[in-house]
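My notes follow in the order I ended up caring about things.

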Amino acid sequence: MTTLKEVLGSKVSVKQSLGIEIEVEFDKEHTIKVPGWTQDVDNSLRNVGYEFKSAKPMLTETIGNSLESILNEINSKNPIITNRSSIHVHVNCIGLTHNLS
């Protein structure tokens with residue numbers, strides 16, 4: 001079957017990679033610096049909201065340590081977890097067929 005990479009004529013790597021976004025609220029401003037992650041103000045959240053994004057796509061076999069590092073830093077600042085808090089995972093599907101196989 002034809003992959004999305006072939007259909008699109010893409011030169012993007014087929015390696016399985018993920019991008020992650022973490023949206024969370026705090027009761028005061030914080031600067032959290034973890035290698036491989038960016039921090040932006042997120043005005044869709046209440047209180048003091050931030051979005052933490054993986055700076056570039058991460059390979060599935062290496063994502064665990066990076067995700068643990070950012071979550072440890074976020075948790076050390078006592079986040080306010082609400083129904084507005086979320087984690088989004090973006091999956092590179094370029095190597096899949098239209099049947100997702």
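Predicted model: local features only at pLDDT ≥ 70, side-chain atom pairs only at ≥ 80, totals over all residues.

Y50 and F52 have ring centres 6.1 Å apart and planes at 50°, so I have them down as a tilted pair.

I then asked how many aromatic pairs the structure holds. The count is two. In the other pair, F26 and Y50, the ring centres are 5.9 Å apart with the planes at 55°, so this pair is tilted too. F26 belongs to strand β1 (residues 17-26) and Y50 to strand β3 (residues 48-54), so the pair ties together parts 24 residues apart in sequence. F26 is buried, like Y50. I'm noting F26, Y50 and F52 as one aromatic cluster.

**Fold and overall shape**

I zoomed out and found two helices and five strands. Going along the sequence, the order is α-β-β-β-β-α-β. I also looked up the radius of gyration: it is 16 Å, well over the 13 Å from the globule rule for 101 residues, so the protein is more spread out than a compact globule. The C-alpha trace spans about 50 × 25 × 20 Å along its principal axes.

Buried residues make up 33% of the 101. Of the contacts between residues at least 6 apart in sequence, 69% join residues at least 24 apart. I got an accessible surface of about 6,700 Å², with 52% of it on carbon and sulfur atoms.

Key
Residues numbered from 1 in each chain as written. Heavy atoms only, no water. Helix = DSSP H or I, 4+ residues; strand = E, 2+ residues; numbered from the N terminus. Rg over C-alpha atoms; globule rule 2.2 N^0.38 Å. Buried < 20%, exposed > 50% of the residue type's maximum accessible area, 1.4 Å probe, protein only. Contact = heavy atoms within 4.5 Å. Areas by Shrake-Rupley, 256 points an atom, 1.4 Å probe, with all protein chains shown as cover. Phe/Tyr/Trp six-rings, centres within 6.5 Å; stacked < 30°, edge-to-face > 60°.
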